[in-house]
There are 2 protein chains.
Amino acid sequence: MKKSTLRAAFGIIALSLATGVCAQVKPEDQIKFRKAAYSFAAWNSGKIKANLDGTYDAAQVQAAARAIAAVANSGMSALYGPGTDKAVGDQKTSVKPELFTNGAEVGKLAGDFATAANELLKAAETGDAAAVKVAYGAVGKSCKACHDQFRSRD
Amino acid sequence: MKKSTLRAAFGIIALSLATGVCAQVKPEDQIKFRKAAYSFAAWNSGKIKANLDGTYDAAQVQAAARAIAAVANSGMSALYGPGTDKAVGDQKTSVKPELFTNGAEVGKLAGDFATAANELLKAAETGDAAAVKVAYGAVGKSCKACHDQFRSRD
């Protein structure tokens with residue numbers, strides 16, 4: 001089995017397991033929590049960028065990388081359950097319907113994000129700004145890959 | 001210097017440093033990001049509770065504890081800058097004005113939250129559900145202590 005196929009299969013299994021364990025979260029809250037997770041990651045991503053562009057504070061970069069890795073490893077597939085493909089209550093969403101019908105691709109992209117985030121954390125723990133810069137670029141690409149396919153512009 | 005005084009002093013220093021580094025975040029985004037961080041922590045807290053009340057999945061609890069610790073150690077004081085004491089744009093806030101005038105107490109409570117979250121992560125890494133239950137209770141108390149003093153009910 002190829003690595004990408006394995007990853008996709010793992011994504012689907014993770015999705016099933018996580019959906020089972022966390023079925024008690026209401027659709028409206030699932031949308032709220034997933035947007036919160038991405039916002040929290042975005043804030044921490046901005047801090048890493050500021051450190052790479054300015055004065056490098058290794059402790060701050062490590063804390064931010066831990067935050068992004070925590071998001072990537074938090075089992076967010078549980079937050080894309082039935083009824084979360086469009087706005088619920090006051091929670092809007094920019095997710096495209098395709099996300100809910102292409103589990104293999106979503107699983108692969110989620111795996112890529114986790115891998116990239118874990119590599120970023122490893123790089124941050126070394127304190128080597130050049131390595132962080134490379135790993136940070138890879139995380140950005142993994143975010144964009146999913147946005148390009150599964151996030152609408154509105 | 002007593003431990004509590006040290007913690008408070010550390011909180012103030014951390015606040016100053018973090019505010020300096022992250023001054024580029026707009027007040028509206030500061031409110032958005034801090035609410036996102038707490039929401040992300042709340043979702044992960046809910047997962048730990050579900051694990052303690054039901055079937056215990058050590059890997060899921062570890063991931064959730066990492067998420068809460070990442071929030072607690074992310075330097076959130078940077079998200080309580082000038083102009084974030086009331087709603088900005090479409091970002092509402094439940095923060096009380098007292099938070100902005102009682103840095104010593106806020107620093108102490110933030111330190112308590114980080115300590116409790118780090119203890120929870122240590123407990124989660126052992127896989128001992130009983131230890132996690134105790135540490136989880138302490139995190140809940142540290143959340144409540146801040147809410148009681150600095151969050152309004154509306």
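A:Q149 touches A:K96, A:E105 and A:L109, leaving aside residues up to four places away in sequence; contact here means heavy atoms within 4.5 Å. This is a predicted model, in which local features need pLDDT of at least 70 and side-chain atom pairs count only at pLDDT 80 or more, while totals for chains, interfaces and linings use all residues. Residues are numbered from 1 along each chain as its sequence is written, chains are lettered from A and ligands numbered from 1 in the order in which they are written, and side-chain values use heavy atoms, with hydrogens and water left out.

The side chains of A:Q149 and A:E105 are joined by a polar contact of 2.7 Å. A polar contact is a pair of N or O atoms within 3.5 Å; within protein, one must be able to donate a hydrogen and the other to accept it, and residues adjacent in sequence count only if both atoms are side-chain atoms. A:Q149 counts as partly exposed because its relative accessibility is 32%. On this scale, buried means under 20% relative accessible area, exposed over 50%, and partly exposed in between (1.4 Å probe, protein chains only).

A:Q149 is found in helix α5 of chain A. Helices (H or I, at least four residues) and strands (E, at least two) are DSSP runs, numbered from the N terminus. The 22 residues of α5(A), residues 129–150, should span 32 Å at 1.5 Å a residue, and the end C-alpha atoms are 31 Å apart, which agrees. The expected span of a helix is 1.5 Å times one less than its number of residues.

Buried in α5(A) are A:V132, A:A135, A:Y136, A:V139, A:S142 and A:F150. They lie on the same side of α5(A), because they cover an arc of only 120° around the axis; the arc is that of the directions from the helix axis to the C-beta atoms. The cover over the buried residues of α5(A) includes α2 (27–53), α3 (58–72) and α4 (103–126) of chain A. On the face turned away from the buried side, α5(A) carries the exposed residues A:A130, A:K133, A:V134 and A:K141.

**Chain A and α3(A)**

Chain A has five helices and zero strands. Buried residues make up 38% of its 154 residues. In α3(A), 11 of the 15 residues are buried, so that this helix is mostly covered. Its span from first C-alpha to last is 21 Å, close to the 21 Å expected. At the starts of α3(A) and α5(A), a side-chain oxygen reaches towards a backbone nitrogen, as tabulated.

| Helix | Side-chain oxygen | Backbone nitrogen | Distance |
|---|---|---|---|
| α3(A) | A:D57 | A:A59 | within 3.0 Å |
| α5(A) | A:D128 | A:A130 | within 3.0 Å |

**The interface with chain B**

In total, 26 residues of chain B are in contact with 26 residues of chain A. The area buried between the two chains is about 1,900 Å², of which carbon and sulfur atoms give 74%. Buried area is the accessible area (1.4 Å probe) that two parts lose on being put together, summed over both. B:F33, B:F40 and B:W43 supply 33% of the area that chain B buries against chain A, more than any other three residues. Between chain B and chain A there are two residue pairs in polar contact, both at pLDDT 80 or more. The elements giving two or more residues to the side of chain B that touches chain A are α2 (27–53) and α3 (58–72) of chain B. Of these, α2(B) gives the most, with 11 residues.
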